[in-house]
Amino acid sequence: MRFIASRENLQNIDLKSPATWIATFGGSGLLRPAPGTMGSIAALPFGILTLYFFGIYGLLIATFLLFIIGLWASKQFEGMVNQKDSSLIVVDEAVGIFIALIPAMISPISIILAFFAFRFFDVLKPWPISYLDKKLKGPFGVMIDDVVAGIFAAFIVLGARYAGFS
């Protein structure tokens, strides 16, 4: 089992480029197995800390900014590795997990639920996530399916809070 991306995947990556570190969310997208899960795990503490110190509005702003920066980084990184929607790109997972955390309110149960609900929707890709993943290309296509998965997960967390489970 490998714990880092293969040599073939790494040969064209410019490790000095900010786009590399943003697209792979600090290198977490280079980890194996399951780089999407690794990216989500890496983003989780940043989302929690942002929510804790800056509240929901701070997390919303951070999510929006990361989305915009992620569009740029994804485009640059795709050109670098000459691969569309590379599995090494996990900034989209970071945006998705940030969205899923918005209704979590620093409750441990809500945070765990947000993580697992986001991973559920990101991996299984029910409609319309699957549609967006297949039909939209380029950086927007890379990012938007995880945005919608994050929104679905946020509704699960919100429903659990409303029902008194977190």
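Me: In this predicted model, which residues does L44 touch, not counting residues up to four places away in sequence?
Reply: L44 lies in helix α3. Leaving out residues up to four places away in sequence, L44 touches I97, L101, I111 and F115.

Me: Is L44 buried or exposed?
Reply: The relative accessible area of L44 is 15%. Buried means under 20%, so L44 counts as buried.

Me: How far apart in space are L44 and I112, C-alpha to C-alpha?
Reply: In sequence, 68 residues separate L44 and I112. In space, their C-alpha to C-alpha distance is 9.8 Å.

Me: What span is expected for helix α5 at 1.5 Å a residue?
Reply: Helix α5 covers residues 108-124, which is 17 residues. From its first C-alpha to its last, α5 reaches 24 Å. That is close to the expected value, 24 Å.

Me: Which helices are included in what covers the buried residues of α5?
Reply: The buried residues of α5 include S110, I111, A114 and F115. Among what covers the buried residues of α5 are α3, α4, α6 and α7.

Me: Are α4 and α7 roughly parallel or roughly antiparallel?
Reply: Helix α4 (residues 91-101) packs against helix α7 (residues 138-162) at an angle of about 20°, with the axes 7 Å apart. Angles under 35 degrees count as roughly parallel. Therefore α4 is, relative to α7, roughly parallel.

Me: How many nonpolar residues are in the contact of α4 with α7?
Reply: Residues of α4 in this contact include V91, V95 and I99, and those of α7 include V142, M143 and I151. By class, the contact has two polar residues, three charged ones and, as nonpolar, eleven.

Note on methods. Residues are numbered from 1 along each chain as its sequence is written. This is a predicted model: local features need pLDDT of at least 70, side-chain atom pairs count only at pLDDT 80 or more; totals for chains, interfaces and linings use all residues. Side-chain values use heavy atoms; hydrogens and water are left out. Axes are lines fitted to C-alpha atoms, for helices over the stretch in contact, and angles run from 0 to 180 degrees between N-to-C directions. Helices (H or I, at least four residues) and strands (E, at least two) are DSSP runs, numbered from the N terminus. Angles under 35 degrees count as roughly parallel, over 145 as roughly antiparallel, 65 to 115 as roughly perpendicular and the rest as oblique. Contact means heavy atoms within 4.5 Å. Ala, Val, Leu, Ile, Met, Phe, Trp, Tyr, Cys and Pro count as nonpolar, Asp, Glu, Lys and Arg as charged, and the others, Gly among them, as polar. The expected span of a helix is 1.5 Å times one less than its number of residues. Buried means under 20% relative accessible area, exposed over 50%, partly exposed in between (1.4 Å probe, protein chains only).
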